Amino acid sequence: MSRPADGGTPPPELKLPTDFPGLGEDDGSGPFIDHHEVRNVIKALRTSLGALRGETVPNMSATWTGPGTVNQVSYEGNVGPEEAGQWEAASAFGNNIHFAYNAFDPSYALLIEHVEKWANAVERAIANYERFHQDSSA
C-alpha cells in the first residue's frame, strides 16, 4: 500500500490468529505457513460455499435448497406488507422486512462471491511463492 503524500497514518497491522490451521511460529521474518494445510482449509471453505450456493449435497435431492442457501434466503426473505398483514403495525413491520431484504439479499450472494475471490487469491499467492522459491533455488 502506498502512503498518503502528507505521510499520514500507515495502514493497520494485520493480526493473524495464532490458531489458524497452517500458521506456525514467526521467526522474525514472518510466520511459517504450511501451504498444504492452508489449501485444506480453502478446500473445506469451498465445500461450505457450495452448500450456501445450494449445490447438491451427497445423499440429498438434486433440488435441495437447505437453510442458509442463497435461494432459500431469497425466496423466504422476500416478505412485504402484503404478507405481514393489513393492520398498521403488521404493514409497517412488512415494510421493514422488505427494506432489509432489498439490502441483504444481493449482499449475501456478493459475500459468497468475495470469499471465493479471496480463496482464489490465497491459492495464487501460494502457487507464486512456491514457483518463485523453486526457480530461485540452486
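**Pocket and salt bridges**

Reply: The largest pocket has 17 lining residues, with Leu16, Leu23, Ile33, Val38 and Val122 nearest its centre. A pocket here is an open set of points on a 1 Å grid over the protein atoms alone, where a 1.4 Å probe fits, with protein on both sides within 12 Å along at least five of seven lines; lining residues have an atom within 4 Å of a point. The model is predicted: local features need pLDDT of at least 70, side-chain atom pairs 80 or more, while totals for chains, interfaces and linings use all residues. Numbering starts from 1 along each chain, and side-chain values use heavy atoms, without hydrogens and water.

Me: Why is Glu116 called buried?

Reply: Its relative accessible area is 18%. Buried means under 20%, exposed over 50%, partly exposed in between (1.4 Å probe, protein chains only). So Glu116 counts as buried.

Me: What makes Glu116 and Arg46 a salt bridge?

Reply: The N to O distance is 2.6 Å. The criterion is a side-chain nitrogen of Lys or Arg within 4 Å of a carboxyl oxygen of Asp or Glu, so the pair qualifies.

Me: Which label does Arg46 get, buried or partly exposed?

Reply: Partly exposed, because its relative accessible area is 24%.

Me: How do you know that Glu116 also pairs with Arg53?

Reply: Their side chains meet at 3.6 Å, N to O, in a salt bridge. Arg53 is partly exposed, at 33%.

Me: What makes Lys117 partly exposed?

Reply: A relative accessible area of 46%. Its salt-bridge partner Glu113 sits at 3.4 Å, N to O.
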